[in-house]
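Student: Could we take a close look at one part of this model together? I would like to look at the loops and their backbone.

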Amino acid sequence: MEKKYINKPLAFLELPRELPSAQEPETRTKHFGEFLEPFPQEKTVEQSARCMDCGIPFCHSACPLGNDIPAFNEAVYEGNWEKAFHILDKTNNFPEFTGRVCPAPCEKSCVLSIQQSPVSIEHIEKSIIEEAYHKGWVNVKAPKARTGKKVAVIGSGPAGLAAAEQLNEAGHEITIFEKDQKAGGLMRYGIPDFKLEKWVIDRRLSFMVKAGIKFECGKEIGKDISAEDIQANFDAIVLCTGAPVAREMEIPGSGLKGIHKAMEYLTLQNQEIGGETTATGISAKDKKVLVIGGGDTGSDCIGTAHRQEADSVYQITWGLMPPEERKLENPWPEWPMVFETSSSQQEGVERQWNILSKEFIGDEKGNLTGLKVIEIEWETGRKGFNEIEGSERIIPCELALISIGFQKPKRNPLYEAFGISFDEKDLPNFDNYKATESVFVAGDLKRGASLIVWAIQEGREAAAACHDFLSQRSSVLKN
Ligand code: SF4
């Protein structure tokens, strides 16, 4: 196909990085849906031309999935979207998820980002998969033949879904067990619709069902079905139960009404949008909201609070305010530790760093009215910090959302029932994803809370290890 649009070898000099524009904050906070405006396909092709097809493509090595980014950029530039889709589909089961919510380590390592803005890889990835769905190229990945082996995948987040899809395609009979009412894990219940509308998950699940994967939702292993039953009825088990337990804030006043963990808040909002019944929703409407913690989940709370018509939103973290530009000790292609403002933060928030929470304050009825904090000063090298005398104050708030990360996978009785042991870091002991003779572990359960792209990669790797195990067992039985 004729190469058009622009002079590719020099495109990176001629063209700036461009992304779809977003609805203005006052418009997008009136609804919960995704808010990026349409972007002409010609412009995406132009953006792909910025790729320099580097001799050593750092984007590729930075992607846990090993996506062949220069190759799909070139295919998009050629106008061959179907070829681009097949390149992407080889390594990534769910580009429609990563194209929306991956923090894109590929872009952080893009060689172009040494001097300029990186290639808009994540947007190109999303454009490829959406074009593939539109044109009907996404296929049902049904196996050519069945092996007769049965695998239980427990947990339906990105790791579980990826493991299930890979093992099903290899011919094994797959049943996914999910404790929640619908499949998707944190993608469905933790990520707000304004970042990932849930029809995107449902669309992929419909392909998986057509490929023969069975879903048993609303079934918690160890409660509704015993671990013994699972072991008796399946040849192998892939555990992808995540690291869902949030860290606690152990300061006085934590029992006051109006203090919630971020994931509890986000889940209830997602359940409401998804039409599931909820016991008691948590609403930010007309409240002074305080988000404690500076990560992505904290940002999701900010965006949700705006859409619930919060009176004001304040965010604190005990960490240092990052610099505007990379420091010498944080060179490319490392992950840049620089100041960023998320789309939710752009919608309005007052942010403060170096703040240590001391005590929640409440009224006589037990309702939260504020958080007593103190400013801190970090020692060189972040070895420790000192409280700044006289800097104590109270931040008024009626709703506090705690977003300070997740605990390592808990040592719950389920894992014991499967015979899994844990190391001193509270992570399962394993050898090549294999935690016991027939139980495999992947995703956040295996590595602790991490990125969606790592979860998909782990699901794929665990599936490969499980397939090897089942294949070896088959050949032993035949001999
Ligand atoms: Fe293209 Fe950037 Fe990858 Fe180089 S590092 S091949 S410019 S996407």
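**A close look at the loops**

Tutor: Happy to! Let's start with the setting. This is a predicted model, and of the 479 residues of its chain, 51% count as buried. The chain holds 19 helices and 14 strands. Its radius of gyration is 24 Å, which agrees with the value near 23 Å that a compact globule of 479 residues would have. Along the principal axes, the C-alpha atoms fill a box of roughly 75 × 65 × 45 Å. Among contacts with a separation of 6 or more, 69% join residues 24 or more positions apart.

Now to the loops. Go to the one between β7 (312-316) and α16 (343-346), where you will find Pro333. The peptide bond that leads from Trp332 to Pro333 is cis, and its omega is near 5°.

Next, move along to the loop between β8 (350-352) and β9 (355-362), which contains Asn354. Asn354 is not a glycine, yet its phi is positive, at about 60°.

Finally, look between α17 (413-417) and β14 (439-441): the loop there includes Tyr433. Tyr433 also has a positive phi, near 70°, in a residue other than glycine. Is Tyr433 buried or exposed? Its relative accessible area is 10%, and buried means under 20%, so Tyr433 is buried.

To recap your tour of the backbone: find the cis bond from Trp332 to Pro333, then the positive phi of Asn354, and then the positive phi of Tyr433.

How values were computed
Residues numbered from 1 in each chain as written. Predicted model: local features only at pLDDT ≥ 70, side-chain atom pairs only at ≥ 80, totals over all residues. Heavy atoms only, no water. Helix = DSSP H or I, 4+ residues; strand = E, 2+ residues; numbered from the N terminus. Rg over C-alpha atoms; globule rule 2.2 N^0.38 Å. Buried < 20%, exposed > 50% of the residue type's maximum accessible area, 1.4 Å probe, protein only. Contact = heavy atoms within 4.5 Å.
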